[in-house]
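Here is my note on this model, written as a set of numbered points. Please keep the 3D view open and find each residue as you read.

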Amino acid sequence: QVQLVESGGGLVQAGGSLRLSCTASGSLFNIYVMGWYRQVPGKQRDLVAAITSGGSTNYADSVKGRFTISRDNAKNTVYLQMNSLKPEDTAVYYCNVKGSRVLSGPYNYWGQGTQVTVSS
C-alpha cells in the first residue's frame, strides 16, 4: 500500500506564506516526479508545480516567482513553499507521485488534499 500524507494547509492573509509538505510511504520505487496540484469547486485539477528525481522543476505561470517546490529524495518528501499568496490561490492542494515499478509498471498516487484559504 502507498500512502501520501500532506500537511501545512490553512488560512492566511493575502501576502502571507505557507509551506506544504507531503511524505510518501509504502512500496514506492523509482519515483520520477513529485508534484502539487490544486482544485477549486467546479473546476479541473491543475498542476501547480512538479519536481523530478533529478531536481528539474516545472511551475504554473500563475505561481512562478512566488512558489518554490523542493524535494528530499531520501525521505520521499516534497515541499511547496508558497509566498506572496493571493486570494486566487485559494484551493484544495493535492500531492501527487508518479513512478514505475519493474513488474507492475507505472503508478500514479494522490494525497487526500489540504485546504489553502487566502483572505483578502
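1. Start with Gln3, whose bridge partner in strand 3 is Ser25. Strand 1 and strand 3 (residues 18-26) pair in the antiparallel sense, over 6 bridges. Two terms come up here: a strand is a DSSP run of E with at least two residues, numbered from the N terminus, and two strands pair if DSSP finds at least two bridges between them.

2. A word on what you are looking at: this is a predicted model, where local features need pLDDT of at least 70 and side-chain atom pairs count only at pLDDT 80 or more, while totals for chains, interfaces and linings use all residues. Residues are numbered from 1 along each chain as its sequence is written, and side-chain values use heavy atoms, with hydrogens and water left out.

3. Next, follow strand 8. Strand 3 is joined to strand 8 by 6 bridges, and the two run antiparallel; here Cys22 stands opposite Val78. Strand 7 and strand 8 also run antiparallel and are joined by 6 bridges, with Thr68 opposite Gln81.

4. Is strand 8 enclosed or open to the outside? Of the 6 residues of strand 8 (residues 77-82), 5 are buried, so the strand is largely enclosed by the rest of the structure. Buried means under 20% relative accessible area, exposed means over 50%, and partly exposed is in between (1.4 Å probe, protein chains only).

5. Asn76 lies in the loop between strand 7 and strand 8, a hairpin with 4 residues between the strands. Its phi is near 50°, a positive value in a residue other than glycine, and Asn76 is partly exposed at 24% relative accessible area. Ser84, in the loop between strand 8 and strand 9, also has a positive phi near 50°. Ser84 is partly exposed, with a relative accessible area of 41%.

6. Which residues form an edge-to-face aromatic pair? The structure holds 2 aromatic pairs, and Tyr37 and Trp110 make an edge-to-face one, at 4.9 Å centre to centre and 70° between the planes. This pair links distant parts of the chain: Tyr37 is in strand 4 and Trp110 in strand 10 (residues 105-110), 73 residues apart. Tyr37 is buried at 18% relative accessible area, whereas Trp110 counts as partly exposed at 34%. Rings of Phe, Tyr and Trp (its six-membered ring) pair if their centres lie within 6.5 Å; planes under 30 degrees apart count as stacked, over 60 as edge-to-face and the rest as tilted.

7. Then there are Tyr107 and Tyr109: their ring centres are 5.5 Å apart and their planes at 35°, so the pair is tilted. Tyr107 is buried, with a relative accessible area of 6%, but Tyr109 is partly exposed at 27%.

8. Please also find Gly99 in strand 9 (residues 91-101). Gly99 is buried, with a relative accessible area of 5%. Its C-alpha atom is separated by 7.9 Å from that of Leu28, 71 residues apart along the chain.

9. Strand 4 (31-39) and strand 5 (46-52) are the elements that give two or more residues to the lining, and strand 5 gives the most, with 3 residues.
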